[in-house]
Amino acid sequence: MTTLQSAIRGIRPLTGRGGERRPGPVVFLVLLWLSLVVAFGVLATLIVTIVLEGMPQFTTRLFTEYPASSPDEAGARPAILGSIWVIATTAVMTVPLGIAAAVHLEEFADQRNWFNRLIELNVQNLAAVPSIVYGLLALAFLSMLGVRDKSIVIGGALALSLLILPVVIIATREALRAVPAEIRQASLALGATPLQTTWRQTLPAAVPGIATGTILALSRALGEAAPLLVLGALVFVSFDPNGLLSGYTTLPIQIFGWTGRPQAGFHELAAATSVLLLVVLLAMNAVAILIRNRFQKRW
Amino acid sequence: MTIRPETPIVHVQARKRREIEDVPPQPVLSCEGVDVSYGDFRAVRGVDLDFGVNEITALIGPSGCGKSTLLRSLNRMNDLIEGARVDGKVLFHQQDLYARDVDPIEVRRRIGMVFQKPNPFPKSIYDNVAYGPRVTGMRVSSMDDLVEEALTRAALWDEVKDKLRDSAFGLSGGQQQRLCIARTIAVKPDVILMDEPCSALDPIATSRIEDLMQSLRDDYTIVIVTHNMQQAARVADRTAFLTAQVDEHGQRFGALVEFGRTSQIFERPEDERTSDYISGKFG
């Protein structure tokens with residue numbers, strides 16, 4: 001009757017398609033939840049399994065000892081130090097080069113020039129090249145230079161630098177692009193040169209974005225094994241790496257090496273080392289997110 | 001509780017109308033047959049204008065008439081837009097700004113610019129003002145004095161003297177725009193170009209900027225682009241009216257219609273288009 005009364009008064013009731021719990025939307029919602037559960041479930045299972053398996057071996061020995069023939073005496077000390085050496089060298093090589101390339105492309109290169117557009121396209125393509133290809137590239141490059149022993153810190157860092165350079169360039173360009181044009185114009189209108197404008201205004205304003213992108217790129221490099229394996233990185237290192245020309249192993253390669261051993265104890269060691277690698281990676285990503293949130297600029 | 005005498009919220013100066021000569025005196029900047037193009041598109045055509053020393057000249061006209069484009073060609077900010085080109089002559093103290101040996105960096109130092117949206121640097125108030133003198137390598141005996149002088153000149157000193165090291169982003173929109181003016185006058189230019197400097201501000205902040213322009217006129221030559229005809233009538237000594245036209249190929253372009261004393265343009269316009277625009281028939 002109420003509907004009829006409303007109809008008489010010319011007012012249509014406000015009930016409609018969205019007001020009821022119909023089966024269609026409910027099924028859709030359940031499917032969305034399910035995909036979320038699958039995605040998170042796999043990750044959680046992975047982490048829990050690794051943590052449970054690696055826990056017995058996650059001791060100070062992991063940090064202090066060298067690999068050994070018995071899993072109860074072995075540690076990942078050279079791999080930890082090797083990872084630090086390789087990633088630090090990679091950072092030193094990549095950061096200045098990547099930022100300089102991005103600054104040129106974004107601030108100085110004539111975007112209408114076909115050659116610059118080609119470079120831009122190629123940088124994007126390079127970011128999608130499989131990492132093992134960069135290992136081969138570094139291998140070829142070192143051979144050309146006549147380096148006989150290619151399993152040295154600088155060689156690994158070269159391969160990883162090639163790998164993450166496009167990522168750093170793209171991240172830096174995006175950070176530069178996020179700096180409002182008004183800031184550049186204001187600087188130039190005061191009689192600053194384009195170089196001064198870049199150096200004193202645009203680049204400092206882009207630092208948080210650049211730092212975030214660089215840290216994420218380095219954390220990717222930290223987890224890579226393939227390009228280093230192509231270069232013949234050692235799986236059994238019983239000394240501390242001590243320079244750019246020193247032999248080395250890294251955490252992913254140590255994990256790879258131990259996984260291949262028949263004894264269960266080595267598998268536990270591999271799991272413990274994976275936990276360590278995961279913690280470091282998550283910490284790096286957390287720092288990147290922190291920097292991004294902390295220094296986000298409101299223009 | 002003591003009762004304080006009421007103070008007016010807005011302090012409006014009694015402006016004394018200056019005697020304005022028939023033609024711009026000792027033009028600091030002159031346009032002779034200026035065309036501004038973007039690629040093949042000639043956006044502004046055939047502009048002849050003189051900007052007299054210590055005068056405020058307003059460029060008014062409907063959207064798309066090229067007044068901002070013209071303004072940006074006066075200190076070579078148009079160079080920053082890819083494909084932009086200026087033909088004709090823009091003379092600054094009788095030197096062509098677009099001559100081969102002219103350095104656009106030096107041009108911009110001598111001819112400052114204030115933008116539509118306040119655009120302070122993400123730095124402290126002090127560093128915003130000191131930036132120009134630092135990058136241009138100005139020899140200053142005391143940077144502190146220079147900063148104080150510029151902020152005082154821009155009628156901002158009293159409001160910020162206790163927080164010079166605070167971020168410029170903490171200031172209100174009107175204060176930010178006065179900071180941008182202080183920043184511009186810190187490098188001691190001859191001319192200040194203003195591109196709709198009040199369009200992002202409320203009426204009170206606008207009135208303060210207009211007062212400021214009146215006091216700056218004694219030392220600087222000012223060119224202001226404005227959408228607001230009342231503003232042009234209030235502040236400008238001379239007004240140029242530009243409008244959009246269509247050529248024989250159907251291309252729209254901006255051209256100068258009428259240029260004269262503000263009182264003449266607003267009270268006795270000679271061109272019908274000017275009177276139509278001023279009386280609000282279009283635009």
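## Contact between the chains

Two residues are in contact if their C-beta atoms, placed from the backbone, lie within 7 Å. In this predicted model, 20 residues of chain B are in contact with 16 residues of chain A. On the side of chain B that touches chain A, two or more residues come from each of these elements: helix H2 (104-110), strand E6 (111-114), helix H3 (125-135) and H6 of chain B. By class, this side of chain B consists of 10 nonpolar, five polar and five charged residues.

## Helix H6 of chain A

Helix H6 of chain A covers residues 131-144. From its first C-alpha to its last, this helix of 14 residues reaches 20 Å, close to the 20 Å expected at 1.5 Å a residue.

The buried residues of H6(A) are Ser131(A), Tyr134(A), Gly135(A) and Ala138(A). Seen down the helix axis, these residues fall within an arc of 105°, so they line one face of the helix. Their cover includes helix H7 (153-177) and helix H10 (226-230) of chain A. On the other side of H6(A), Ala140(A), Ser143(A) and Met144(A) are exposed. Gly146(A), which follows H6(A), has a positive phi, near 80°.

## Positive phi in two loops of chain B

Ala155(B) is not a glycine, yet its phi is positive, about 55°. This residue is found in the loop between helix H4 (143-153) and helix H5 (157-160) of chain B. Ala155(B) counts as partly exposed because it has 18 C-beta neighbours inside 10 Å.

Lys188(B), also not a glycine, has a positive phi of about 50°. The loop that holds Lys188(B) lies between helix H6 (173-186) and strand E7 (191-195) of chain B. With 18 C-beta neighbours inside 10 Å, Lys188(B) counts as partly exposed.

Notes. Residues numbered from 1 in each chain as written. Chains lettered and ligands numbered in written order. Predicted model: local features only at pLDDT ≥ 70, side-chain atom pairs only at ≥ 80, totals over all residues. Helix = DSSP H or I, 4+ residues; strand = E, 2+ residues; numbered from the N terminus. Buried ≥ 20, exposed ≤ 12 C-beta atoms within 10 Å, placed from the backbone. Nonpolar A, V, L, I, M, F, W, Y, C, P; charged D, E, K, R; others polar. Expected span 1.5 Å × (residues − 1). Arc of directions from axis to C-beta.
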